Amino acid sequence: MAEYTANYNLILPTDNEYYSVEDANNNAELIDSAIKANADGIEAAITEVETWAKGTFSNPNLLTNGDFQVWQRGESFTLQGAYGASKYTADRWLATTWDTGTIIVNKESDNSLYFSYDGNLRGQIKQVLEIENTLALHNKQVTASFEIEILSGNEQPAFALIQHEAPGTYYANALASNGINSTTSAVIGTPSQLAFMFTVHEPVSFRLKWVKLELGSAATPFVPRPYGEELALCKRYYQKISGFFRVYGYNVNTLYTHIPIPIQMRTSPTGSVIDTSACVVWSVNRVQQSGFTFPIGSSFPTFVTIDATKTSHGLTDGYLVISGYTLQLDAEIY
């Protein structure tokens, strides 16, 4: 009597039996079925692990302030008028209008970004990546994902990865729908500028919850950075300074002050005192002086100088007092 294997129940002929094609075929069918079942199980397990990993692990976000935590310039902006007029709103997010239409950008109570446009040509909001941050992306795939709520209008906002490279500009365009969207595109060659942009062509309003750009062909979960880390990243491009600074030199009309920049900036910033009433000169015995102006002298990524100027001021020492974070330093990409 024939015996059978323990695992797959294959027929084991006895020593005194002749070879049976039927038994061999039955064994082959059992082996084939077992191999196929094992392969299907392995494939299902791999798919399950991949799905789990995509939902558990997250690639770094190549965008800064992707969930709009940081609003150093304010929390409400209106942009209107000239063709090509631009204004930074939430840190690192540049709004541009291409007609006389009005763009409104506000910070919502949940930190999301509200955007509305009432023109009929083109309104945009985008983030331009620093060129040094794009070098590792050349000729690779990147995936953009975001969560949007379309509030009004008949048009779906378009989103695009813009690549400026001679001889032309490449766009990876798609239309956004309510909820979470994602798209994958290749970074072609070595673009001189890479930006992620939302564009509308007629009156529309929407709310952005978060935006992410990552290396690879899969969208992984958005994980917000701690606020302090996000703020520090934003200050590479824009920051405001207050403080109490000792005069380091003088002449008959000028007091020279050195202002350290707490976080090194992307490049030498453009500086301005946005509220001159919050910038004053004190004598060494802390008597406030009047009649000074406060032009920026030198500018470097790690410090600026302010040349407090007044004709025949009569001082040989003193302090520059900046309150209300009124010294504005801008090293953004326009």
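A: Phe-115, Phe-146, Phe-159, Phe-196, Phe-198 and Phe-206 form one aromatic cluster. This is a predicted model, in which local features need pLDDT of at least 70 and side-chain atom pairs pLDDT 80 or more, while totals for chains, interfaces and linings use all residues. Residues are numbered from 1 along each chain as its sequence is written, and side-chain values use heavy atoms, leaving out hydrogens and water.

Q: How many aromatic pairs does a search of the whole structure find?

A: A pair of aromatic rings is described by the distance of the centres and the angle of the planes. Rings of Phe, Tyr and Trp (its six-membered ring) pair if their centres lie within 6.5 Å, and planes under 30 degrees apart count as stacked, over 60 as edge-to-face and the rest as tilted. The whole structure holds 16 such pairs. In one of them, the centres of Phe-198 and Phe-206 are 6.2 Å apart and the planes stand at 40 degrees, so this pair is tilted. Tyr-248 and Tyr-256 also form a tilted pair, with 6.3 Å centre to centre and 40 degrees between the planes.

Q: Are Phe-198 and Phe-206 buried or exposed?

A: Buried means under 20% relative accessible area, exposed over 50%, and partly exposed in between (1.4 Å probe, protein chains only). Both Phe-198 and Phe-206 are buried, whereas Tyr-248 is exposed, with a relative accessible area of 53%, and Tyr-256 is partly exposed, at 24%.
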